[in-house]
Amino acid sequence: MIHQDFLNKTKGKEQEKGNTETLKYLRLFLPLRDSSISDEKKLEILNEIVKISEEITSFLAQNEEILSSVLKTLRLCITQKHTIIRAAALRTLRFCITTEKALFLIIQHHIDIFVIRSLEFYPDLEMERIQALKLIWHCLQISPQNLPRSFVQSLVSISEFPEDTLRKSCIGVLCEIGMKNPQLLALSRGVLTLARSSIDPSLKDYQKIIVETLTFLLNDFSTRQFVSQKELNIILSPFTSVYSKNVPKDKLEICKASRKAIDLFMKDWSGFFFIASNSHGLGGFLQALKLPARKIKTIALKTLYDIFRYTIPKKKTDKDKEKQKPKNESETATPSEVWDNIDRYLPPTPNLRHNLLNNYFAILFVAFKEVGLIETLIEVGKESNHYSSVLATKLLGELLHKSNELLATHHCALLHSLPDLFKSASNFSHSPSVRVRANFMLNSLDRYARTKKTKRKEEFHISLLKSYVNRWETENQLLKIQRQIEKSTADQDFEILLKESKVILYNDAKKWDFQVISGFLEGIINNPKRIEACIKNKFFKRLLKFYQPTKKQFSEMPHNSSNIFYVRVGCRLLEVLLSTKEGYDFLKANNTITEIASGLRMEIQGKTGETTEQTFRFFHPANISKTLSGEYLTFLGVLSTHPKGMELLLNLDILLYVQAFTEMLGREEIARIVISSLDYTKPNSKAREILERALIQGSKLSRIYSTKHLQVLFRVGVEDFHSWAIKLLVGQLKDSDENVRMVAIDVLDECCADNIKCLDSLIDCHPSELDEMGEQGKTLLIRFLSRQNGIQFLKEIGFIGRELKQWIEVKSLQYTKNIENAIFEVFHVSPTINISEFKKKVQTKIPGLSPTEIPLPRHLFGELVQTEDGINTLFSTKIVETIINRLKTKSENHLQIRSDLWAIGNIGSSELSFLKLKEYKISELILNVMKESRRVSIRATCFFVFGLFSLHSLGRKELTEIGWEFPSDISSMISTPNSQQLENFIAIPIEKYAGIWPSQMPIEPMNEYLKDSKRTRKIIKNIIHLSNRIMEEKAIEFFGKHKRKTDYFSSPRAFYHAYILLENYHYRLVTRRVIHQIFSQSKFSEEILDNLHKLPAEKEDEEKENKKKNKKNQELEIDDILRSLFQPKKKEEQKIKEEQKVQVVQEKKEVLYSLETLRTKPLPDGVDPKFTENFLKHEDFERAFGMSRPAFFKLPKWKQLHKKKEAKLV
């Protein structure tokens, strides 16, 4: 039947607005109330409503009465029998809720009851459940503060049920609730659920977001009150509560999950402070290393590797020993691949800007050292368990190596002395096995320290470039002696090696021994006479024939790691020939270089036909990428390193061909490889002319490649780079193509980061174009402020005033956000990730950012204070006084506080400006902010500020006075609290726990059920027992006994009280489904659903009650007859006396009082307080005790007293 009120409201709107289109939308809801309409039609209507939801929701948001009726209509659909209708109604409901008022109506109309039933009760109906979950998430977005607690309780119960398919999604929603309404999460036991979920092996994908939520709650005092230390100790419990030697597999999996959770906690300042200040934190975790369970110990050691970001050594097996060493990936790269991935093969030079990660590792090291990490690692290292010993020894070696740059001098001296280890190794009172293991550990640490000094093998093309730079430098004395020895080698040995190479014995290169050839070229042939002899005996002739392109031997070899060896031999061959006049003449007469020139000319002229294109064109793109033919261009680079080789390149017009390729579209890769291989170390060389011409006249790709190559030259260390390359890069800033300009500014950004010569050269060029190139250009200009000539230039273009204003208003805050985002990104990216991929992921513009470092970005104030002129400019703006006043007043804007702290830190990084800050007692001010702040992020920022103050002797002196230490290197920018100050620094202010849910429990609704009928009281009582593991079995037995009685659970009051319990108490998902099942057959009218919270208390049916009374009276009469027949006379007499007493009371009607009168103090005159039941009116007696007078007086005295207490008559 169509709801008439709804129709009237709709017609009223039509008369008021005359909007027939709106009426059309509203009338769509009316058929949903008609029970005669088929489900297919209802589904069609619901889908139609969703299609026009954008139009109709805007109208509903402005008409509360219509919205209320619409929600009631959808409530009817949600209670339908078929799941597809319920799912469609939930979906439609989501589109109708757009305001807080709509969410309030959801609660007012008790729709939340049916939403959680759809989410929980039907485990197999995934579509309906998903729509219910989407609705809850949508309500969270609208108004987190008004989200019904019933929703959160439902999410918690599902999140705790491992088999549920929606578990992970519910955990994700809980995490968002924790961010937006932490109080509601805590009162629903959600924090405990998240803590348990963080170490659940099946939730590895969600560990990160769970830990982020928990650390978010720990950061600020306003949210920390909702987190209990006991709840978060669950994360450490897998390591702190294991005592047996053999650990089950499932426990090990939990430990592995806990390892990841601890690592994530320690990578957040809030998590670190919590674990470090927790009495069961770091110290309790290290106790796991002393447990007999080896597997737990191994996992704990790996956790430490994760925390300190070290690579875990692999456990070697016999199969691993049999395997060959893996191939070096860099050696398989073609020249083009090398230059495409220059960041991989030639990383940037070490950034002289301080790495903020070192501050984190310093305080981490100090905290672990205080709880005995070094001593624990030594104990584990001396154990017989080989793998655990290896892990402990390597970690100890890494920490000792890093301690010099992180810790104060006296800490380093104590650590490196390793007194306990030396004592174990030298004390003969110990067993021989202990001494052997201690000595072995000492030797391992010594070997490890030596290997840390060795350098990684470089890619061949990169090492070749670096050799150009170092070629003309003074040779090492040892190398001179070595060559003298090689030259004095007997001619007999020379002849033997020549024959062993087999070059002069066979024409077939496959029979040659190239290992012997390589050694021969590297050493023994370094003698003009022997070079001349090799020319005569055809040694060089046959070698060059092997490399000759048309012979198709070297040129058709596949490009892989093993064949790069032949490229090395070829480069060395050319170097040997160029070292003497005879060798040069021989090379000039040979056709090898001439054929290379012909191949380049052929590519330019394009004379080769299409059918034989790849056969004769060894410089075809496919051949360059797949074969060694592209390495001929590397040979040209070797020739360019020698004056005679450059002469040969000019005579054969090879350099002209290279220039032509730079301007030729589609074939720039040839010019690119040659340009990348040429020697640019000589001033005014032809190579530099070619590069400059490519930068100016080349095609777009050639200009980009050439600009990037300047970056390569800077990284390999070309000596006079600043004197010629900076001008070329400034010229590229004026290029017509934006990509070229962006590459140029990136290269300039790197070159001028810490190189004063390059920065001065850039300032001398007066690059005013940088001011128009966005934030990156302005960041580069900020570096000019550290130089006096740079300040003068920036004043001329009016940059300083404009930039100061922007930093005061906006950029100082953005600076803080950039640093915090960078720290977050680095901590949540694997250290082994490709750097170029990492840079694409990170959005902050911090130069040199990689997964292992966070260089401190340039701050305008920090650059200004590097010169006296800049200090005067900064302090004249009064901005310093403003910042200090804000810090003193303790602003509620936490981001502004952190921004001000970074600003003060950068200003105080200069000794001259720090001297001015002393007037404000800046060190004491920062220390007070650190101590009084109840927000962890502010305390961590103060920690970084003290590091900036330690950059000069004046700052170190003040830090020492307040109990802070620093490494011996004054440029380290690290300061840590000493042992006395450490506890004050890491201790999180304890807040009064506000997550105890009973304190927020609505008592009145819970007491209401006591006024209901006996049946309702029994139902609710057993539902309460379902939450108790001890009473649960009896409650289930009760519901099993009555489950077939369809009318037994038909009470709307029982239904309402049950869902009040579900909203406020924690029930397992299985139990909640039982409760849903109890009331699944109950159907209530719309009027009852609207007034569930207003329904009057239920009373027992009078007729049923009278029948019960008569039945009881009959039972009593029968009982009396039996007693009179079989009981002794004494008892019979006592019974008569009691009946007489009852009769006397009944006859004295004038002295009987109501129940309320007898409950009120003082009692009426003549009423004995010990026998108040004797003065109670008959109608009230049974209401108070639930039985007749005779039955009551038959009870034992203790039971009578108990009944009187329940009736409040005592």
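Residues are numbered from 1 along each chain as its sequence is written, and side-chain values use heavy atoms, with hydrogens and water left out. Because the model is predicted, local features need pLDDT of at least 70 and side-chain atom pairs count only at pLDDT 80 or more, while totals for chains, interfaces and linings use all residues.

A nonpolar core is a set of buried Ala, Val, Leu, Ile, Met, Phe, Trp, Tyr and Cys residues joined through side-chain atoms within 4.5 Å. Here, buried means under 20% relative accessible area, exposed means over 50%, and partly exposed lies in between (1.4 Å probe, protein chains only). The largest such core comprises 327 residues, and Phe540 and Phe721 have the most contacts inside it. With contact taken as heavy atoms within 4.5 Å, and with residues up to four places away in sequence not counted, phenylalanine 540 touches Leu521, Ile525, Ile531, Cys534, Ile535, Leu573, Val576, Leu577 and Phe586. A second, separate core has 16 residues, among them Met1187, Ala1191, Ala1207 and Leu1209.

Individual helices show how buried residues are placed. Helices (H or I, at least four residues) are DSSP runs numbered from the N terminus. In helix 56, residues 868–875, the buried residues are Gly870, Ile871, Thr873, Leu874 and Phe875. They pack against helix 52 (788–796), helix 53 (799–827), helix 55 (860–864), helix 57 (879–889), helix 58 (894–907) and helix 59 (911–917). One of these buried residues, phenylalanine 875, also has lysine 916 over its face, at 5.1 Å from the ring centre. A charge sits over a ring if NZ of Lys or CZ of Arg is within 6 Å of the ring centre and within 35 degrees of the ring normal. Arginine 86 provides another example, with its charged end over the ring of tyrosine 122, 4.2 Å from the centre.

Threonine 303 belongs to helix 21 (residues 294–308) and counts as buried because its relative accessible area is 0%. A polar atom of its side chain lies 2.8 Å from the backbone oxygen of isoleucine 299. Apart from neighbours within four places in sequence, threonine 303 is in contact with Phe239, Arg259, Ile262 and Phe285. Phenylalanine 273, in helix 19 (residues 269–277), is likewise buried, with 0% relative accessibility. Not counting residues up to four places away in sequence, phenylalanine 273 touches Val936, Arg939, Phe985, Ile986 and Ile988.

Aromatic rings form a further set of links. Rings of Phe, Tyr and Trp (its six-membered ring) pair if their centres lie within 6.5 Å; planes under 30 degrees apart count as stacked, over 60 as edge-to-face and the rest as tilted. The structure holds 51 aromatic pairs. In one of them, the rings of tryptophan 902 and phenylalanine 944 have centres 5.5 Å apart and planes at 25°, so this pair is stacked. Tryptophan 902 lies in helix 58 and phenylalanine 944 in helix 61 (residues 936–949), so the pair ties together parts 42 residues apart in sequence. Both tryptophan 902 and phenylalanine 944 are buried.

Charged side chains complete the picture. A salt bridge is a side-chain nitrogen of Lys or Arg within 4 Å of a carboxyl oxygen of Asp or Glu, and the count comes to 40 salt bridges. Glutamate 64 forms one with lysine 101, their closest N and O atoms being 3.3 Å apart. This pair links distant parts of the chain, as glutamate 64 is in helix 5 (residues 64–78) and lysine 101 in helix 7 (residues 100–108), 37 residues apart. Glutamate 64 is partly exposed, at 43% relative accessible area, and lysine 101 is partly exposed at 34%.

Other salt bridges lie within a single helix. Glutamate 405 and lysine 402 meet at 3.6 Å, N to O; both are in helix 27 (residues 386–406), three residues apart, about one turn of the helix. An α-helix has 3.6 residues a turn, so residues three or four places apart point the same way. Lysine 536 and glutamate 532 form a salt bridge at 3.7 Å, N to O, and lie four residues apart in helix 35 (residues 528–536). Lysine 536 counts as exposed because its relative accessibility is 65%, whereas glutamate 532 is partly exposed at 33%. Finally, Arg129, Asp164 and Arg1073 are linked in a network of salt bridges.

Definitions and conventions. Helices (H or I, at least four residues) and strands (E, at least two) are DSSP runs, numbered from the N terminus. A polar contact is a pair of N or O atoms within 3.5 Å; within protein, one must be able to donate a hydrogen and the other to accept it, and residues adjacent in sequence count only if both atoms are side-chain atoms.
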